[in-house]
Structures are given as C-alpha cells and as structure tokens.
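Dear colleague,

I am passing the structure below on to you, together with notes on what came out of the analysis. Please read the notes with the coordinates open beside them.

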Amino acid sequence: MNDNPKDPTRRSLFKILGSATAVGVTGSLLPSCNTEKNGKQQSLTFNEIPQTLDFAHHFPVGYRADILLRWGDPLHHGENNFEPEKLTPKSQQRRFGYNNDFIAFMPLAPEVLSAQGHIHLRSKNSHRGLLCVNHEYTQPHLMFSGYNNEYSATQGVTADHVAIEQAACGHSIVEIEKGKDGWQPVTDSPYNRRITATTAMEIAGPAAGDARLKTHQDPSGTEVLGTIGNCAGGKTPWGTVLIAEEGFGGAFQGNPELIEDAREAVNHRLFGIKAENRNWGDYDRRFDIQVEPNEPNRFGWMVEFDPYDPQSKPRKLTSLGRFEHEGFTLVCKPEQPVVAYGGDDDEGQFVYRFVSQHHYQPDNPSANWQLLTEGTLYAARFADDGNGQWLPLIYGQGPLTAANGFRNQADVMIDTRRAAAMLGATPMDRPEDVETNPHNDCTYVMLTKNKKRGSDNLDAANPRARNIAGHILEIVPPGVKGNRDHSSASFQWQQFLLGGNPNAENPAERGAYGQQSHYDISSHGWFANPDNVAFDPKGNMWVATDGCERFGFHDGLWAMATEGPLRAAPKHFFGCPRGAEVCGPEFSPDGKTLFIAIQHPADARNSTYDQPLHRWPDNDPKLPPRPSVLAIYREDGKEVGS
Ligand code: FEO
Ligand code: CA
Ligand code: CA
C-alpha cells in the first residue's frame with residue numbers, strides 16, 4: 001500500500017481477491033483500444049491526494065482552485081451581492097443558478113466580434129470564453145429559510161419560492177476570462193444569459209407537432225416553456241451546446257392512475273410522476289398532470305442552443321429520443337455522418353447512439369444546424385462474448401408497429417424506453433456519461449450503480465447482482481485507431497474498470513481494473529460510482545464520481561490512462577466537501593485549466609438552510625452552502641495533470 005499519497009513513485013500491487021471481478025470478455029476477442037502496449041511513461045505526474053471526508057475541497061500541491069461562480073452570483077450589472085433572504089424570482093433570473101452540473105467551455109476568438117460559433121471554437125482561445133453550465137435541480141430546504149427537511153420543503157413551498165426555483169434551474173451562459181489574478185466572470189457581458197424552466201423553446205424533429213405534445217398553452221405541439229433536470233450534455237463543432245433533461249418526472253405532480261389514456265398513465269409512472277412530488281403544479285398548473293396530461297411528454301429530451309447568440313431560441317431534439325438523458329456527446333469527422341452517444345440514467349435502462357442522415361461539413365454551419373434533427377437512434381445490445389449490436393428505433397421495423405401501440409415515429413421517440421426494450425437492448429446499471437476518447441477513438445460508458453439487478457439477471461456487461469460501486473465499459477467500433485467506424489451496425493466491447501475497493505472483504509464492494517489492467521495503484525487510487533467523464537488533450541480519462549461517501553470518503557476526480565502500461569490505473573486528483581458530487585469536468589483547449597462543478601454541497605440528513613452541515617465555499621454565517629464552479633490550474637502554468 002502506498003501510505004504516502006504525496007509520493008507517486010511508491011506504488012504497490014493490489015492483490016486480487018475473489019472471482020466476481022473476473023467477468024468480462026475472453027482474451028480471444030479482446031478489441032484493440034490499447035494500442036500502446038509498451039513504452040509510454042505515465043503522463044499523470046501530479047501528487048495524488050488522499051481519500052478524506054470533511055468540509056473542504058482538496059487538490060494537489062502546486063495547483064490553484066479559483067471559486068469562479070457560485071449560486072446567486074450576479075451575471076449582470078445592477079444586481080447586488082447575493083443576499084439569499086432578499087432573493088426574488090426576477091433577481092434569480094439574472095444570477096447564476098443552483099446545483100451546477102455539466103460544463104462546456106466555448107472559446108471566444110480574440111478581437112473577433114459577432115463571429116459564428118465554429119470560428120470562435122477554432123480559435124482554441126484558452127483565456128477567454130463562454131462557460132455554459134447546467135443547473136440540474138433545486139433543493140428548497142437548502143435554498144430558503146424555514147423548511148425543516150427536504151420532504152416538507154418539496155411538498156409545500158410558497159408561490160414565490162416555486163418561481164425562484166424555476167428561475168434557478170436550467171442553464172447559465174457566462175463570459176469568463178483569465179487575468180493575472182486567475183479566472184473571473186465578466187459581469188454584464190452581452191453574452192451572459194440564463195435559460196430557465198420558463199424560457200421559450202422550439203420542439204424539433206420527428207415528434208414535433210404530434211398530438212401527444214399538444215397542450216392548452218400550445219395547441220401546435222411545437223413550442224414549450226423551459227427545460228429542467230439538466231444533468232450532463234455535449235457540444236458540437238458548429239458551436240452549439242447540447243443539454244440533457246434527466247430527472248424531469250419529479251417536477252410533475254398528480255396521479256397517473258387518473259389519466260384516461262392508459263398508455264400515458266404507464267408512460268408517466270415510468271418517469272416517477274406521483275402525487276407526492278414537489279408542488280410546482282399548485283402555482284404553475286402545467287406541472288399538474290391532472291390539468292395538463294401531455295406536459296410531461298414535452299420534457300425528457302436533449303436541448304440544443306447557440307451560446308454565441310444570446311437572442312437564439314433553444315430547441316428540443318426529439319430525434320434523440322425521450323428518456324432520463326444523462327447527455328449526448330459527439331464524434332464528428334468531415335464529410336461523414338455525425339455520431340452521438342448517450343445514456344438513460346436509470347436502473348435497467350439503455351445506452352443509445354444517434355447517426356445523422358446528412359454529413360458533417362466543417363465550413364457549412366447552417367447545414368450542420370440540421371444534423372441532429374434527422375437521423376436514426378439506436379439502442380445497444382451487449383452480447384456476453386464481447387460483440388455488440390446497435391438496434392435501430394425505426395417505426396414499422398421489427399416490433400415497433402401499430403400492433404404494439406406505436407402509431408408513427410413520434411410514438412417511437414416519445415416512448416423510447418419501451419421501444420428499446422422491445423428491440424432487446426441490454427438493460428444496464430444506470431448509464432451516465434458516454435464519451436469518446438479522441439486519442440484512441442474508443443467510447444467509454446460510465447455505469448454508476450444498480451442495487452436492483454439481482455443474481456438472475458447478470459450478464460457480462462453488468463456482472464454484479466448488487467452493483468453498489470459501478471463500472472466503466474469500453475466500446476470499440478470496427479477499424480483502427482484514428483479511423484474507427486462509429487456508424488457501423490456492430491462493435492466490440494470489454495470491461496475497462498470495475499469500481500470499488502480491490503481489497504474490500506465484501507464482494508459487492510470489491511472491484512478490479514479492466515482486462516488490460518491495473519492493480520498498481522495507491523490506496524487512494526480506487527473509486528466508486530463513475531458519473532461524468534472528460535478526456536484531456538493527451539487522452540487521459542478523468543472520471544467524476546457520485547456516491548463515494550457511502551464508502552467513507554469524499555466524491556471527487558480520478559485520472560488515468562486508457563492506453564499503455566498504466567491503462568486503467570487511476571490516481572486521485574480532487575476531493576469534494578461533504579455532501580457534494582463533482583460534475584462537468586471540462587478542459588480548456590490547451591489543457592491548462594480544468595473546470596469542475598461542485599453540486600449539492602452539504603446535502604446530508606437534517607442539513608437545512610437554517611442549520612446546514614457546513615457553509616462551503618464561503619464559510620460565512622450569513623450564507624448557506626452554495627453549489628459552485630471551480631477553475632483549477634497549475635501554479636507554473638503547465639498542463640493540468642502532467
Ligand atoms: Fe444527473 Fe445522471 O446524474
Ligand atoms: Ca450526472
Ligand atoms: Ca449525479
């Protein structure tokens with residue numbers, strides 16, 4: 001064991017215990033993502049931090065971590081410093097939102113005014129850009145005084161508090177720049193913008209205008225107010241940002257049993273809509289399914305918007321299906337279809353891939369704007385022998401017909417989960433981020449956990465009956481590094497890493513590191529519950545976790561190579577204050593800044609606004625704990641991690 005986490009040279013071999021960890025593909029089928037078998041030295045030379053659990057954040061020596069944006073920070077002149085008890089809905093709309101999650105850093109080209117997004121992106125400016133940040137959900141018991149616990153707060157908040165919550169959800173676009181004092185937001189930048197639970201947006205793609213999307217407010221079925229449950233996302237090379245609608249069901253109240261249309265009752269139950277959910281519907285009636293039974297069908301989509309045009313209207317992409325979207329990340333190669341990968345973050349749900357009908361043209365942004373509205377969505381089947389298949393969700397093909405209740409392609413998209421299950425997709429252990437490493441062209445699936453699988457439902461892709469620690473799969477499209485075919489109907493796959501403590505006595509907690517793997521890690525190198533992922537410019541994988549407190553230490557970030565002798569050998573880089581998870585790891589194009597979102601700090605039993613577990617990051621008795629974005633960089637200005 002490496003007892004000194006600051007000493008990267010003293011690494012030791014974990015002994016592998018038990019055989020439960022050995023499930024995976026056999027050697028004969030091993031795909032070839034690990035093409036650099038020999039020779040490459042560890043490029044992650046930072047001093048590893050220890051696994052701890054306290055009220056602070058932790059990062060390696062030689063780094064700085066600027067607190068860049070906090071809930072309530074003003075995004076426009078005219079707003080005072082944050083005084084939460086004086087907050088109004090109107091003021092919240094001009095301030096950074098709550099529970100920050102996904103982050104996209106979108107560069108601003110120096111001295112170019114009103115350029116199109118793809119021009120800005122090509123500048124790779126790593127000192128000035130737009131930070132695009134999701135705000136996943138609100139926690140009224142930690143936002144407002146007077147609520148005793150989480151349950152009473154979600155059940156009975158006031159009209160004013162509901163309106164503040166709706167204004168604190170969605171997304172923030174904030175210009176930021178790096179000066180001699182580190183990273184700062186540019187207050188009153190013309191780019192600064194809030195997208196909230198009430199922002200007008202279009203509905204695009206095959207379900208637009210369908211009867212099941214029509215409401216009293218919108219008889220056309222093509223216009224919707226707001227986005228919620230914004231978890232992870234993606235970005236496009238034509239300069240737009242994609243944000244996911246994940247746990248939207250909790251915002252709707254009502255009893256699905258009372259819905260006349262039996263199909264909609266099943267649909268609403270599937271997304272956890274019930275009478276006891278939060279009480280937004282008392283004041284904003286469309287969130288009550290007894291008033292607007294179709295309103296939930298207008299959520300659960302991916303949303304695309306142009307952060308470089310503050311007047312642009314976001315749109316929901318029904319072509320990417322409707323489920324609890326974690327995010328969608330793209331693989332774009334010139335004059336080829338765009339491929340996007342995503343996950344449905346629920347127990348027993350599926351991994352998806354979209355292939356555009358038209359080709360990506362790097363210099364034709366207006367044509368690219370249509371790429372994600374037309375194409376085919378597929379769900380993944382992971383066979384036990386290490387082969388995999390993409391199953392197309394096309395109306396009229398296979399079981400997706402009127403005999404099974406699908407009237408048209410809109411039905412297939414609105415009921416994506418049901419369609420994918422009928423096709424025989426593999427139920428997974430809560431798919432979170434699915435992202436491709438540009439360095440080796442292989443795709444990685446974060447599977448965070450699933451306690452409900454049971455020993456009767458094991459398969460090679462999900463090998464644990466009670467998966468409390470999660471795991472990471474590697475998808476290998478056909479072809480060779482640099483030229484893999486992500487639009488192929490088939491792929492190969494293998495386990496990359498099983499989360500958990502390799503030395504734990506309890507088999508459910510014990511993990512091992514994937515086939516090519518690596519037991520040569522320090523005692524702080526293991527983690528559980530992978531959620532978000534990013535790749536640095538050298539191709540190292542950075543995994544953010546959500547659930548490690550159950551194992552006795554903070555959630556945080558772990559970095560590792562995906563190729564070479566240290567493939568799947570994690571090192572611990574960052575740790576959260578108690579109650580929080582890390583989200584949205586995002587590198588600046590030069591790899592010298594790492595942005596991370598610290599979500600729900602002090603989220604713990606009996607922790608409330610009036611009596612919080614702690615008050616990170618301000619530690620000011622007048623302020624509650626605040627979800628915040630950090631910018632991390634090396635004091636000597638070199639690349640993060642190296
Ligand atoms: Fe919002 Fe899947 O974590
Ligand atoms: Ca997530
Ligand atoms: Ca999460």
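The count of disulfides in this predicted model comes to one. The torsion about the S-S bond of Cys33 and Cys442 is about -115°, so the disulfide is left-handed. It links distant parts of the chain, since Cys33 sits in the loop between strand 1 (12-13) and strand 2 (63-70), while Cys442 belongs to strand 22 (residues 442-447), 409 residues apart. Cys33 is buried, with a relative accessible area of 0%, and for Cys442 the relative accessible area is likewise given as 0%, so that residue is buried too.

Cys169 itself counts as buried, at 2% relative accessibility. For Cys548, the closest cysteine sulfur is in Cys576, and at 9.3 Å that is also too far for a bond; Cys548 is buried, with a relative accessible area of 0%.

Because Asp531 lies in strand 28 (residues 530-535) and Glu581 in strand 32 (residues 581-587), the pair ties together parts that are 50 residues apart in sequence. Asp531 and Glu581 are both buried.

The largest pocket holds about 1300 Å³ of space. It is lined by 40 residues, of which Lys235, Leu330, Glu435, Pro438 and Glu586 are the closest to its centre. The elements that give two or more residues to this lining are strand 3 (100-107), helix 2 (117-123), strand 10 (230-235), strand 14 (325-331), strand 21 (431-437), strand 28 and strand 32. Strand 28 and strand 32 are also the elements in which Asp531 and Glu581 lie. By class, the lining of the largest pocket has 20 nonpolar, eleven polar and nine charged residues.

The second largest pocket has a volume of about 1100 Å³. Its lining is made of 39 residues, and those that lie nearest its centre are Glu136, Tyr137, Glu150, Glu246 and Gly247. Two or more residues of the lining come from helix 3 (140-143) and from helix 4 (150-155), and helix 4 gives the most, with three residues. Divided by class, the lining of the second largest pocket has ten nonpolar, 13 polar and 16 charged residues.

Most residues other than glycine have a negative phi, and most peptide bonds are trans. Against that background, a cis peptide bond joins Trp616 and Pro617, with omega at about 5°, and Pro617 lies in the loop between strand 33 (593-599) and strand 34 (628-634). Asn99, a residue other than glycine, has a positive phi, near 40°; it lies in the loop between helix 1 (89-92) and strand 3, and with a relative accessible area of 0% it is buried. Lys124 also has a positive phi, near 50°, and its place is in the loop between helix 2 and strand 4 (128-135). Is Lys124 buried or exposed? At 57% relative accessibility, Lys124 counts as exposed.

With kind regards

Conventions. Residues numbered from 1 in each chain as written. Chains lettered and ligands numbered in written order. Predicted model: local features only at pLDDT ≥ 70, side-chain atom pairs only at ≥ 80, totals over all residues. Heavy atoms only, no water. Helix = DSSP H or I, 4+ residues; strand = E, 2+ residues; numbered from the N terminus. Buried < 20%, exposed > 50% of the residue type's maximum accessible area, 1.4 Å probe, protein only. Disulfide = S-S within 2.5 Å. 1 Å grid on protein atoms, 1.4 Å probe; cavity = no way out; pocket = protein on both sides within 12 Å on 5 of 7 lines; lining within 4 Å. Points joined across faces, edges and corners; volume = space filled by probe spheres on them. Nonpolar A, V, L, I, M, F, W, Y, C, P; charged D, E, K, R; others polar.
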